[in-house]
Amino acid sequence: MRIVLVGAGYVGLVSGACFADFGHVVTCVDNDAAKIDALRAGRIPIYEPGLDELVEKNLAEERLNFSTDLKAAMADAEAVFIAVGTPSRRGDGHADLSHVYTVAREIARSIDDFVVVATKSTVPVGTGDAVERIIRETNPDADFAVVSNPEFLREGAAITDFKRPDRIVIGTDDERARVVMGEVYRPLYLNQAPLLFTARRTSELIKYAANAFLAMKITFINEIADLCEATGADVQEVARGIGLDNRIGSKFLHAGPGYGGSCFPKDTQALVVTAQDAATPLRLVETTIAVNDTRKRAMARKVTAACGGKVLGKTIAVLGLTFKPNTDDMREAPAVSIVRALQDAGARVHAYDPAGMDQARQLLDDVVFAASAYDCAEGADALVIVTEWDAFRALDFKRLAEIMRGRIVVDLRNIYQPEEIERHGFVYASIGRTNAQSRSAYVLRETEAEEVPAGAAGE
Ligand code: UDX
């Protein structure tokens with residue numbers, strides 16, 4: 001099959017490379033000529049494990065092409081995917097659909113024979129109708145069907161997620177489009193991935209509902225973590241104890257400094273405003289956003305508390321800056337709020353991240369960027385782990401004890417056991433896990449219902 005992806009960003013590039021790997025002939029189109037030139041030369045603009053090999057292989061086998069010319073790419077194509085960004089619109093939190101609409105017009109002008117126009121970008125419910133209208137107005141003779149096909153891949157695990165999805169959602173009521181989309185995904189279907197055909201609006205909403213639910217699940221366990229800390233319970237065990245219930249599931253119950261990234265923050269926001277406009281406010285999602293926003297800065301207070309209530313003049317070493325490991329993406333990363341809040345409280349911040357420092361430099365001022373974890377920790381009063389990169393999972397605490405000035409470790413991802421670190425003379429603070437001291441601070445007040453005087457019942 002011949003497939004076109006418009007937008008050689010995260011979703012477009014990963015989807016394009018994977019479709020090509022399944023044997024389709026794919027052209028990724030982008031209007032950024034420099035990006036297309038780089039891609040043709042095998043240079044990948046994003047950090048995603050395995051993507052460079054996949055692009056290189058499929059370029060060499062001539063199944064994957066890059067171009068700035070949409071019209072030429074669309075000749076003979078059976079499906080064209082819109083995979084451009086839908087960032088938050090400044091001011092109101094709605095998804096900004098201007099790129100989607102621009103691409104829809106360009107596609108309209110390039111349609112000769114029947115083609116399926118599938119929206120992979122995350123777009124609010126009703127966008128498919130708008131795209132259809134735009135194409136029809138721009139090219140009244142065009143023969144096409146607009147389909148919703150949301151993408152659920154995660155950064156850092158994008159290729160595996162794309163090739164082994166939990167499900168593929170296709171929103172359309174057009175029979176010809178169903179056949180084409182079935183063909184596009186046939187290789188995955190053979191891999192047992194369920195294809196879920198729905199109406200277009202339903203499919204658009206599935207994507208937002210999924211992301212909002214996951215954001216809510218993380219936020220729920222984060223609040224439970226706070227309660228664990230206050231009452232002497234252990235959030236890791238609570239998460240395991242509830243996660244083993246099949247109705248709940250064990251994934252996305254890892255307490256931490258709050259979710260970030262390019263999807264959850266903007267998608268929850270967009271869903272909330274859509275729901276408000278439809279006069280059906282989603283109060284759980286509204287609260288999730290509010291709780292997560294305050295949590296990021298609250299993490300700086302946690303560091304301050306671990307440092308004895310004051311970080312003024314102290315040097316804090318921050319390990320991990322990206323919103324999660326295996327990406328260089330700094331969008332909405334908790335590290336940004338944490339570093340700024342520590343600086344506001346008078347701390348000097350040293351930082352190290354295996355992939356995110358170029359991006360971080362553009363967002364953070366007055367940070368000393370280090371060449372390694374140990375370089376970062378040198379002379380620091382406290383070490384804070386913000387992102388759980390594998391490289392931080394087996395730090396040499398004997399060495400850290402020699403090079404650091406202080407003996408404080410704050411682990412915001414719970415990647416260590418307290419004993420491993422305390423053994424080296426460190427004071428260790430983590431998320432939702434407590435020590436004997438905090439356990440004794442909370443005692444359940446033993447209250448019993450007062451006896452109801454005889455004859456008072458029912459009055
Ligand atoms: C997410 C969705 O998972 C994906 O389906 C959608 O298409 C895009 O948004 P992504 O943003 O790449 O993917 O990352 P994800 O792995 O979901 O993590 C999001 C954030 O939640 C990160 O900041 C991560 O650290 C945090 N998180 C995740 C937790 O704090 N705890 C968890 O248990 C899981």
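**Starting from a cysteine**

Guide: Let's begin with Cys376, whose sulfur is 14 Å from the closest cysteine sulfur, that of Cys307, too far for a bond. Please keep in mind that this is a predicted model, in which local features need pLDDT of at least 70 and side-chain atom pairs count only at pLDDT 80 or more, while totals for chains, interfaces and linings use all residues. Residues are numbered from 1 along each chain as its sequence is written, and side-chain values use heavy atoms, with hydrogens and water left out.

Seen from Cys307, the closest cysteine sulfur is the one in Cys376, again at 14 Å and too far for a bond. A disulfide is a covalent bond between the sulfur atoms of two cysteines, and here the term is used for a pair of cysteine sulfur atoms within 2.5 Å. The structure holds 0 disulfides. Cys376 has 0% relative accessibility and therefore counts as buried; Cys307, at 7%, is buried as well. (Buried means under 20% relative accessible area, exposed over 50%, and partly exposed in between, with a 1.4 Å probe and protein chains only.)

Now for a helix: H14 covers residues 334-344, and its buried residues are Pro334, Ala335, Val336, Ile338, Val339, Ala341 and Leu342. Helices (H or I, at least four residues) and strands (E, at least two) are DSSP runs, numbered from the N terminus. An α-helix has 3.6 residues a turn, so residues three or four places apart point the same way. Just after H14 comes Gly346, with a positive phi of about 95°.

Next, let's look at how the parts of the protein meet. The domain assignment, which is automatic or taken from a database, gives domain 1 (2-198) and domain 2 (212-438). Taken over C-alpha atoms, their centres are 34 Å apart. Where they meet, 15 residues of domain 1 are in contact with 17 residues of domain 2, contact being heavy atoms within 4.5 Å. The area buried between the two domains is about 1200 Å², and carbon and sulfur atoms give 53% of that. Tyr47, His94 and Glu155 supply 46% of the area that domain 1 buries against domain 2, more than any other three residues. (Buried area is the accessible area, with a 1.4 Å probe, that two parts lose on being put together, summed over both.)

Glu155 also takes part in a salt bridge with Arg331, where the closest N and O atoms are 3.9 Å apart. Across the interface of domain 1 and domain 2 there is 1 salt bridge, meaning a side-chain nitrogen of Lys or Arg within 4 Å of a carboxyl oxygen of Asp or Glu.

Finally, some figures for the whole protein. There are 19 helices and 14 strands, and the C-alpha trace spans about 75 × 75 × 40 Å along its principal axes. Of the 459 residues, 51% are buried. Among contacts between residues at least 6 apart in sequence, 73% join residues at least 24 apart.
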